[in-house]
Amino acid sequence: MSENIEKFVFTINHESDIPKYQQLVNGINNAIAENILQKGDLLPSVNSICKTNQLSRDTVFKAYSILKDQKSIDSVPNKGYYVSGETRKVLLVLDTFKAYKEVLYHSFVNNLADNVITDVQFHHYNIDVFKTIINNSVGKYYKYVVMNFDDKEVSPTLDVIANEKLLLIDWNIHTKKQNNYVFQDFGKAFYNALEDAVDLFKKYKSIQFVYPDYTNHPKETLEFFKKFCVDFKFEYEVITDAKKFNIQKGIAYISVSDRILGHFLEQCKERDLEPGTDVGFLSYNETPMKKFIYKGISVISTDFKELGTKAAAFITHDEVVQCYVATNLIIRESL
């Protein structure tokens, strides 16, 4: 163990709403993440921290016990506490946990070093929940990866996080020029993918885009769908009321909701309609199961595995990240 106690200076904020033991946990974890404290470094004694910060022994013991449980520190009798690892905690904030988000998550964590711990939280497109997550996380994490959504308060809420520690993912909305990001393109790239399916759409007399009013999918996708239909002279309709989804022979359907995919397959079975022949279906967002559902569901999707890999690279390397992940068309029997 190296005696580098002078490396770590801890100051308690007695006015903060954050419990004092948690402030100490955060301070030590941050010092490890920033390499201020390194493996083997000796930590200040319990008595020393109590004296310099007017804390009770119970408070300091609680903090050190949490850090031991996290395997950030360890102790040796008669010698004290020391840094046992170089653990770095990161926060991943997603909208909801769906099948394709699971692909993103596993790609993200599987491309991180063994000493990186990932906490995952979900905002569910609720700005109050989002604010609580961010405000309660300040100072606790080495870096933050946040899935953006359409609320004007998202950006000012994130101002409490240093730009070099923050990565925005998925949707380019309410962002700043200096932000780090890995986005997908919900507009032009979607249009380009539809172009690749023009010949398949020609099998049908019209295209219906099922865009339920409960969805949070970016509206620019809807605008580029309309542009595509006008440019290629397809008859089209947009359905926003999911209760009015009623399939008809000779129609191709596009949907951003997997609930609608389930209704589509049910109605095909009830009416003896063959997907890909009598009716068509193009789903948004690839999931591991869509290639196995029925005879395979055609999808337009970004590569969530690549999105997770690029987000993990932001954690590993201290470099500016600003890029888009490609959106592609995957043709299967449903179209």
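Predicted model: local features only at pLDDT ≥ 70, side-chain atom pairs only at ≥ 80, totals over all residues.

Q: Which residues does UniProt list for "domain: HTH gntR-type"?
A: An unreviewed UniProt entry gives residues 18-86 for that domain.

Q: How much of residues 18-86 is helix and how much is strand?
A: The chain is 51% helix and 12% strand over that range, and its end C-alpha atoms lie 24 Å apart.

Q: Turning to the open sheet, in what order do the strands come?
A: The order is 9-8-10-11-12-14, with 6 strands and mixed pairing. Strand 9 (236-239) and strand 14 (327-330) each have a single partner strand, so they stand at the edges and one side of each has no neighbour in the sheet. From one strand to the next, the twist averages 15 degrees.

Q: How do strand 12 and strand 14 pair?
A: Strand 12 (residues 298-302) pairs with strand 14 in the antiparallel sense, over 4 bridges. Opposite Val299 stands Ile330 of strand 14.

Q: Which strands does helix 10 lie across?
A: Helix 10 (residues 258-271) lies across strand 8 (206-210), strand 10 (251-255) and strand 11 (280-284). Its angle to strand 11 is about 160 degrees.

Q: Now a loop residue: where is Asn285, and is Asn285 buried or exposed?
A: Asn285 is in the loop that lies between strand 11 and strand 12. Asn285 has a relative accessible area of 6%, under the 20% cut-off, so it counts as buried.

Q: What is Asn285 in contact with, leaving aside neighbours within four places in sequence?
A: With those neighbours left aside, Asn285 is in contact with Tyr100, Lys290, Val299, Ile300, Ser301 and Phe304. Among them, Val299 is the residue that stands opposite Ile330.

Conventions
Residues numbered from 1 in each chain as written. Heavy atoms only, no water. UniProt positions renumbered as here; feature names shortened; annotations may be inferred. Helix = DSSP H or I, 4+ residues; strand = E, 2+ residues; numbered from the N terminus. Pairing = 2+ DSSP bridges. Axes fitted to C-alpha atoms, helices over the stretch in contact; angles between N-to-C directions. Contact = heavy atoms within 4.5 Å. Buried < 20%, exposed > 50% of the residue type's maximum accessible area, 1.4 Å probe, protein only.
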